[in-house]
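Trainee: Could we go through this structure together, one question at a time?

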Amino acid sequence: MTPFDSAAARLRSGLAVVGLLLVACKSAPAPRPETDSTTADAGTVAVAASSMPDPAVKPASPVPARPLATTTPMQVVKLATPRPIVSLRLAFRAGSIDDPPGKEGLTALTTRLLVEGGTKTYSSAQLLDVLYPLAGEIDASTDKELSVISGRVHKDKLDAFLKVFTEVLLDPRFDEKELERLKTAALNSIKNRLRSENDEALGKVTLDALLYAGHPYGHYVGGTVKGLTSITMADVKAHWKNVMTQDRLIIGLAGPVDVKLENAVKAAAKKLPEKGVAAVTLPPAPGPLGQTLIVKKDTASTAGSFGFTYSLRRGDPDFFAVALALSYLGEHRQMHGVLFTELREKRGLNYGTYAYAEHFEQEGWSSISRVNIPRSTQESTLWLRPVEPQNAMFATRGAVHYLSELLKAPPPADKLDTARGFLIGYTRIWEQTDPRRLGWLIDDLLYGTPGHLEKYRAALAKLTPEEVQAAAARHLDVANLNFVFVTKDAEGLAQAVKARMPSPITYPSPKAPDVLETDKVIAEVPLPTPSTQVRVIDAATVMEQ
């Protein structure tokens with residue numbers, strides 16, 4: 001939270017965005033030639049027989065959790081730089097996995113109340129007033145396994161800032177009115193933003209619920225309607241003492257760091273409880289395969305999130321190669337990827353199409369991922385944006401087709417070199433500020449991957465097309481994809497998925513012959529979802545309880 005935060009920014013604070021998402025903006029479809037029901041719009045097709053075999057139901061393939069590295073109580077991570085700005089990053093190994101059953105959202109709400117709800121000395125408004133002349137920032141974030149309270153200030157104002165920062169951590173006001181305000185904001189982020197305004201996030205949250213059903217990762221970090229509604233101030237106070245403890249704390253310091261600063265922060269942290277409740281032991285992720293879940297919502301778009309959980313993560317021998325493969329396929333919000341070129345540039349289907357080797361959440365309005373969202377279990381996903389409803393089946397098949405092509409043969413050397421060169425430079429942007437560099441050091445500690453980005457750049461320089469394709473084929477499998485859609489005509493889309501008929505496309509303007517020839521192949525790409533694994537739910541039920 002900075003002194004310049006607005007109410008709108010507060011309402012946005014609980015909502016994160018990641019997954020393969022396919023969003024369609026409303027526009028008039030191009031005229032189509034007379035045809036039979038096999039080429040009708042994907043959302044309304046009615047077909048009596050299938051033209052493609054219905055795949056067999058694949059049993060779930062659970063993915064064991066791989067615990068993050070053990071840390072010592074109040075372990076210090078330091079990044080000394082010549083810059084005059086001091087950055088603090090207190091990372092508690094507590095996240096939404098620590099939400100008690102029936103109190104989903106408690107960790108995020110507790111963390112937010114600490115930084116926004118005032119202290120014993122300052123009300124919420126007064127806290128902003130005291131930070132303003134210091135040009136100081138205090139903020140917080142929560143993810144599945146980590147909650148971070150961060151601060152920044154010029155070194156000349158450090159002593160005054162530390163007094164305020166320490167009080168935020170140790171002496172929160174616990175104002176009932178502030179709790180109700182933040183609960184209302186969190187509930188609105190689910191009811192009004194997630195369910196009503198943000199089809200992309202709704203798809204991503206629903207995919208999490210599908211991939212991690214019955215698992216501590218399964219609910220939205222911001223909570224559920226029932227969970228948030230049930231939270232009391234007594235719950236918040238108890239949770240603060242249970243998870244904001246010395247044994248769960250990693251202290252990150254960056255800038256003109258010295259012994260005095262380190263001792264001051266550690267002295268403050270020693271006033272936290274030494275231990276709280278036992279850390280959550282994560283079970284295997286359930287590992288569903290080939291399932292389709294369609295969320296019915298009154299919307300002009302058709303949105304989707306697709307992906308699967310897998311055992312690969314940072315530090316594994318194949319991670320760099322798979323990350324390069326998926327960046328080549330579709331780096332987030334960049335134009336050189338295969339999916340971007342084929343689906344947007346050549347066919348005009350969408351705004352952009354991207355692919356990810358690990359969980360991705362965009363940092364603010366940038367194009368880079370947040371730091372400090374470590375996961376003991378990871379997922380691989382794709383993201384397609386916006387697609388008109390009548391093209392939804394074709395676009396989905398297009399994404400599956402180009403992923404399949406990547407797994408069959410090494411990518412062209414010149415195109416892989418483009419992705420390689422981009423990443424070697426782009427990874428520098430990932431660590432361009434002290435807070436982000438400090439965040440990467442904490443992530444490296446938790447994953448056991450010291451110097452991760454330097455090693456990534458070194459690997460990028462050496463990986464061959466054959467090595468990239470082979471690693472991708474070892475870890476990625478189209479048959480493992482799960483599909484989530486958000487659409488108005490949920491029943492019609494479900495019928496189209498079950499019918500397994502081709503989904504040819506028409507364009508409002510001429511396309512190159514090679515594009516049209518490939519379209520014939522894409523239109524008949526089978527989706528790996530058995531008809532018995534297609535379900536429809538109402539948007540109003542998502543994150544209700």
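This is a predicted model: local features need pLDDT of at least 70, side-chain atom pairs count only at pLDDT 80 or more; totals for chains, interfaces and linings use all residues.

Trainee: Are the rings of Tyr 212 and Tyr 217 stacked, edge-to-face or tilted?

Mentor: The ring centres of Tyr 212 and Tyr 217 are 5.0 Å apart. Planes over 60 degrees apart count as edge-to-face. The planes of these two rings stand at 70 degrees, so the pair is edge-to-face.

Trainee: Is Tyr 217 buried or exposed?

Mentor: Buried means under 20% relative accessible area. For Tyr 217 the relative accessible area is 0%, so the residue is buried.

Trainee: Which charged residue lies over the face of Tyr 217?

Mentor: A charge sits over a ring if, for Arg, CZ is within 6 Å of the ring centre and within 35 degrees of the ring normal. Over the face of Tyr 217 there is a residue at 5.5 Å from the ring centre, and it is Arg 375.

Trainee: How many residues apart in sequence are the parts that Phe 306 and Phe 483 tie together?

Mentor: Phe 306 and Phe 483 form a tilted pair, with 4.8 Å from centre to centre and 55 degrees between the planes. Both Phe 306 and Phe 483 are buried. Phe 306 lies in strand 7 and Phe 483 in strand 10, so the pair ties together parts whose separation in sequence is 177 residues.

Trainee: Where do the buried residues of helix 16 fall, seen down the axis?

Mentor: The buried residues of helix 16 (residues 465-475) are Pro 465, Val 468, Gln 469, Ala 471 and Ala 472. Seen down the helix axis, they fall within an arc of 165 degrees, so what they line is one face of the helix.

Trainee: Which helices do these buried residues of helix 16 pack against?

Mentor: Contact here means heavy atoms within 4.5 Å. The buried residues of helix 16 pack against helix 10 (319-330), helix 12 (392-408) and helix 13 (413-429).

Trainee: How many salt bridges does a search of the whole structure find?

Mentor: Side chains of opposite charge can pair when their charged atoms come close. The cut-off between nitrogen and carboxyl oxygen is 4 Å. In the whole structure, the number of salt bridges found is 34.

Trainee: Which residue forms a salt bridge with Lys 103?

Mentor: The closest N and O atoms of this salt bridge are 2.9 Å apart. The pair links distant parts of the chain, 132 residues apart: Lys 103 is in the loop between strand 2 and helix 2, and its partner is in helix 8. That partner is Asp 235.

Trainee: Why are Glu 180 and Lys 183 separated by about one helical turn?

Mentor: Glu 180 and Lys 183 form a salt bridge, with 3.9 Å between the closest N and O atoms. Glu 180 is partly exposed at 40% relative accessibility, whereas Lys 183 is buried at 7%. The separation is about one helical turn because both are in helix 5, three residues apart.

Trainee: Is Arg 457 buried or exposed?

Mentor: Arg 457 forms a salt bridge with Glu 431, the closest N and O atoms being 2.8 Å apart. Arg 457 is in helix 15, and Glu 431 in the loop between helix 13 and helix 14. At 7% relative accessibility, Arg 457 counts as buried.

Technical notes:
Residues are numbered from 1 along each chain as its sequence is written. Side-chain values use heavy atoms; hydrogens and water are left out. Rings of Phe, Tyr and Trp (its six-membered ring) pair if their centres lie within 6.5 Å; planes under 30 degrees apart count as stacked, over 60 as edge-to-face and the rest as tilted. Buried means under 20% relative accessible area, exposed over 50%, partly exposed in between (1.4 Å probe, protein chains only). Helices (H or I, at least four residues) and strands (E, at least two) are DSSP runs, numbered from the N terminus. The arc is that of the directions from the helix axis to the C-beta atoms. A salt bridge is a side-chain nitrogen of Lys or Arg within 4 Å of a carboxyl oxygen of Asp or Glu.
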